[in-house]
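Let's take a walk through this one together. Have a look at the fold first, then follow along below.

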Amino acid sequence: MNFIDRYPLVVTPVKDSSRDFWTSYFDFQIIFDSSWFTLLASQDGATSIAFMTPDHPSAPPGSENFNGIGICLELEVQDATATYNDLKTQGLDITYPLTNEPYGQRRFGFSDRRSGVRQVMRATPARRPFSSARSCIIS
């Protein structure tokens, strides 16, 4: 199987404000936009996300309105510090400070109840006990 793309489809009554959030803060490009569906992609095309209104007849069965909890889409970037500084300057409400985690992430968090995104991160070398696969075995 060869995938062309993969993306979360967030069913939400605030499709337009979700689109505006992603295009404003993360510089995503609009690939397709209609009154009921929006597909966005990052500048490099590596990441996509879609938003759909709940009232369109093509809504897949079981796609209830997203309520802002229960999903977290991780955004891995080349430089978490630069991204943090840029988004903070733009006024994004940071809910978790830029932190070096012992398990090998430099990350910060924010809350976007429209799409469930809460974290931007960059993988870093893990510190003990996470630095050794052997030490992570649970017996």
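**Starting from a strand residue**

Gln105 sits in strand S7, which covers residues 105-110. Keep in mind as we go that what you're looking at is a predicted model. Is Gln105 buried or exposed? Its relative accessibility is 16%, and because buried means under 20%, Gln105 counts as buried.

Who does Gln105 meet? Leaving out residues up to four places away in sequence, Gln105 touches Thr99, Asn100, Gln119, Met121, Arg122 and Thr124.

Four strands make up an open sheet in the order S5-S8-S7-S6, and the pairing is mixed. Strand S5 (74-76) and strand S6 (94-101) are the edge strands; each has a single partner strand, so one side of each has no neighbour in the sheet. On average, neighbouring strands here are turned by 20 degrees against each other, if you ignore direction. As a reminder, the strands of a sheet pair through backbone hydrogen bonds, either parallel or antiparallel.

Zoom in on one of those pairings. S7 runs antiparallel to strand S8 (residues 119-123), and five bridges link the two. Within that pairing, Gly109 is opposite Gln119 of S8. Gln119 has already come up, as one of the residues that Gln105 touches.

What lies across these strands? Helix H2, residues 80-89, lies across S6, S7 and S8, and runs at about 20 degrees to S7.

Let's move to an earlier part of the chain. Strand S2 (residues 29-33) pairs with strand S3 (residues 37-41) in the antiparallel sense, over four bridges. The link from S2 to S3 is a hairpin of three residues. To find your place in this pair, look for Phe32, which is opposite Leu39 in S3.

Phe37 and Phe51 are 14 residues apart along the chain, yet their C-alpha atoms are separated by 5.7 Å. Phe51 belongs to strand S4, residues 48-52.

Phe51 leads on to Thr12. Thr12 is in the loop between strand S1 (9-11) and helix H1 (15-25). With residues up to four places away in sequence left out, Thr12 touches Phe51, along with Ser18, Met52, Thr53 and Pro54. Thr12 is a loop residue, and it is buried because its relative accessible area is 3%. What does its side chain reach? It gets to the backbone nitrogen of Val14, at 3.1 Å.

Time to step back and take in the whole chain. The protein has two helices and eight strands. Along the sequence they come in the pattern β-α-β-β-β-β-α-β-β-β. If you take the contacts with a separation of 6 or more, 49% are between residues 24 or more positions apart.

Notes: Residues numbered from 1 in each chain as written. Predicted model: local features only at pLDDT ≥ 70, side-chain atom pairs only at ≥ 80, totals over all residues. Heavy atoms only, no water. Contact = heavy atoms within 4.5 Å. Pairing = 2+ DSSP bridges. Buried < 20%, exposed > 50% of the residue type's maximum accessible area, 1.4 Å probe, protein only. Axes fitted to C-alpha atoms, helices over the stretch in contact; angles between N-to-C directions. Polar contact = N/O pair within 3.5 Å; in protein donor to acceptor, adjacent residues only side chain to side chain.
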